[in-house]
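The entries follow the order in which I looked them up.

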Amino acid sequence: MSRVYARFHEKGQGRALIEMARQYDPKNAVREFVTNSLDAMVPGDDKIGEISVVSFPNRRRVVVSDNGIGMGYDELTALPESIGYSGKAGKIDMRGEKGLGLLAFGSVGDVMHIISRTHNGGTPYGYIRWEIDETKGTIPCDYEELGPKEVEDFHGGFSNGTRVVMDMVNPH
């Protein structure tokens, strides 16, 4: 008897990821990002952890921000290729462990920007942009480093933490 393991075909994985991204209830989708923020609070830091969720209906935008540990550039750019895997798996003190939560943006909007800066005060900001492309059945991701001036487009600078900006939010 031979054994193989089921997996997505290379040409079908994009459509499957889009389908998974659209399955969240929008409220639960926002909760996914808040949960990630809770997991990112700096342990032992006497500074109060802050998480904010702000809606900008006229801009069709939702923003989730925290002042947690942030992600380094390498960690940020590895996100698109780590869907389905989480270093939090099996850790009792962590909430997300399936590695699927980032896809939740697709139930809120069509574009997600993640801007992050490590708690070491590292500069510049790491940035990655995800966009659902229904016509091609893909979720392309572009990344770069941003300086303080470019971060102004995403509601200003911050000393450390992560900001998730979801754009092209469904008006309903």
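I first looked at His113, which stands opposite Val165 in β6. The model is predicted: local features need pLDDT of at least 70, side-chain atom pairs count only at pLDDT 80 or more, and totals for chains, interfaces and linings use all residues. Residues are numbered from 1 along each chain as its sequence is written, and side-chain values use heavy atoms, with hydrogens and water left out.

I noted that β3 and β6 run antiparallel and are joined by seven bridges; strands (E, at least two residues) and helices (H or I, at least four) are DSSP runs numbered from the N terminus, and two strands pair if DSSP finds at least two bridges between them. I then turned to β2, which pairs with β6 in the antiparallel sense over six bridges. Here Val62 stands opposite Met166 in β6.

I next examined α2, residues 26–39, which reaches 20 Å from its first C-alpha to its last. Its buried residues are Ala29, Val30, Phe33, Thr35, Ser37 and Asp39. I found β1, β2, β3 and β6 among what covers them. At the N-terminal end, Asp25 caps α2, with a side-chain oxygen 2.8 Å from the backbone nitrogen of Lys27.

Definitions and conventions: The expected span of a helix is 1.5 Å times one less than its number of residues. Buried means under 20% relative accessible area, exposed over 50%, partly exposed in between (1.4 Å probe, protein chains only). Contact means heavy atoms within 4.5 Å. A polar contact is a pair of N or O atoms within 3.5 Å; within protein, one must be able to donate a hydrogen and the other to accept it, and residues adjacent in sequence count only if both atoms are side-chain atoms.
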